[in-house]
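Visitor: Could you walk me through how some helices and strands are arranged here?

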Amino acid sequence: MVTIIGGGPIGCYTAALLSRRNDIIVYEENKEVGTPIQCTGILTDTINEIIKLKKEFIANKIWATRIYAPNGKFAKIHFKKPNIIVYRNKFDQYFRDMAIDNGVKIEYNCRFTKRREILNTETRRKKNIKYDKLVGADGPQSKVSTSYGLGKRKHLRGVQALIKKKNDGVVDFFPHIGTYAWAVPESDTILRVGVAAETNTLEIFKNFKKRYKGNILGWQGGIIPLHNPKTITSTKNVFLVGDAAAQIKNTTGGGLVPGLTAAKELQRAIDENKDYEHLWRQKIGKSLWTHNVVRKTMNRFNQNDWNKLINIFQRKSMKKILSEESRDKPIQMLTKTIMKNPSTLLFLRKLMH
Ligand SMILES: Cc1cc2nc3c(=O)[nH]c(=O)nc-3n(C[C@H](O)[C@H](O)[C@H](O)COP(=O)(O)OP(=O)(O)OC[C@H]3O[C@@H](n4cnc5c(N)ncnc54)[C@H](O)[C@@H]3O)c2cc1C
């Protein structure tokens with residue numbers, strides 16, 4: 001019996017994969033899967049290597065992004081393959097249905113509170129649970145992680161509003177505002193506008209939002225864990241996956257593709273009795289490490305550094321690299337960047353200071 005805590009996309013996908021060979025139960029603290037929405041829902045084309053995309057959860061396809069510098073200039077990058085914008089509630093429910101179709105049982109209003117204990121959040125009754133293996137897919141503030149001594153994650157706070165505003169279908173990205181800020185077209189009349197930052201997120205957001213005047217249709221927000229390559233994600237029979245394991249790109253906060261990729265490795269580890277730490281790190285460890293190094297470097301940038309970098313991004317050779325390489329393959333992107341534009345190496349010096 002494998003018990004999974006958390007019915008988010010990564011928990012449900014892990015459940016669906018493991019259900020081929022195991023009895024699975026998922027405990028989810030909310031009353032349903034998919035709400036509240038705490039995500040921008042932008043995915044690179046790599047998602048096609050993991051699942052078959054369904055029309056029902058695709059909101060938009062994006063072919064270009066503008067990366068802004070503090071001086072107002074921007075580099076416009078056209079993607080060779082589109083980024084996909086999903087409705088997160090429908091996306092999550094797709095994985096829920098995949099799990100249920102495979103015979104997985106999901107119990108709602110069930111919160112994991114400590115080792116072997118589940119609290120029913122409606123009746124307030126507690127019950128003890130038994131399992132051979134426990135999977136913590138319970139998000140960035142994973143109780144499974146802290147209960148089994150696997151530690152707390154450092155994180156950013158994200159605030160996002162849905163704003164009614166006509167747009168040209170291009171993602172605006174501001175790497176110098178907060179930790180980063182964005183305006184992502186959900187459709188040609190709705191933008192998902194948000195900021196992620198370590199502190200003062202709401203203040204930064206209020207200021208940033210002035211650039212996108214329009215009626216606010218809704219608020220979303222949440223916690224974005226920061227990947228730390230040293231994080232231990234398993235003990236003998238407890239495994240963390242997705243945001244619970246901080247399997248996330250620190251440059252953009254993208255956690256869906258890495259989390260779903262790690263879920264596949266967790267299924268292999270459990271079914272084939274292999275080392276989970278080794279398997280997922282072999283698949284995405286280097287990529288997440290690279291995002292982390294780039295993040296640490298960018299955290300030390302001043303406004304002038306950003307202006308210089310965006311200036312380099314405007315070069316034809318750079319635009320080609322950025323348009324062809326996926327954010328999920330940062331090593332290739334970084335290598336080509338440095339080879340074509342050796343001056344970008346100077347930015348890495350920031351890490352030394
Ligand atoms: C503002 C914002 C914008 C983002 N934008 C993007 C984006 O554009 N692209 C992208 O790829 N990623 C994005 N992310 C990150 C992405 O949302 C996460 O990486 C993704 O949700 C991880 O899925 P998960 O299943 O691991 O965790 P979650 O989606 O957090 O799911 C965890 C589930 O566990 C449940 N749970 C938690 N604790 C317990 C408990 N104790 N007991 C029982 N159940 C529990 C929760 O209710 C939840 O259903 C964004 C995040 C934020 C906050």
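Visitor: Is the crossing of H1 and H5 left-handed or right-handed?
Guide: Happy to start there! This is a predicted model, in which local features need pLDDT of at least 70, side-chain atom pairs count only at pLDDT 80 or more, and totals for chains, interfaces and linings use all residues. Residues are numbered from 1 along each chain as its sequence is written. A crossing is left-handed if the near helix is turned anticlockwise from the far one by less than a right angle, and right-handed if clockwise; where H1 passes H5, the crossing is right-handed.

Visitor: Which orientation do H1 and H5 have relative to each other?
Guide: Helix H1 (residues 9-18) packs on helix H5 (residues 256-271) at about 30°, with axes 9 Å apart. Axes are lines fitted to C-alpha atoms, for helices over the stretch in contact, and angles run from 0 to 180 degrees between N-to-C directions. Angles under 35 degrees count as roughly parallel, over 145 as roughly antiparallel, 65 to 115 as roughly perpendicular and the rest as oblique. H1 and H5 are therefore roughly parallel.

Visitor: What is the strand order in the open sheet?
Guide: Helices (H or I, at least four residues) and strands (E, at least two) are DSSP runs, numbered from the N terminus. Two strands pair if DSSP finds at least two bridges between them. The five strands pair in parallel, in the order E6-E2-E1-E10-E16.

Visitor: In E2, which residue is the bridge partner of threonine 3?
Guide: Strands E1 (residues 2-5) and E2 (residues 24-27) run parallel, joined by four bridges. Threonine 3 has as its partner in E2 isoleucine 25.
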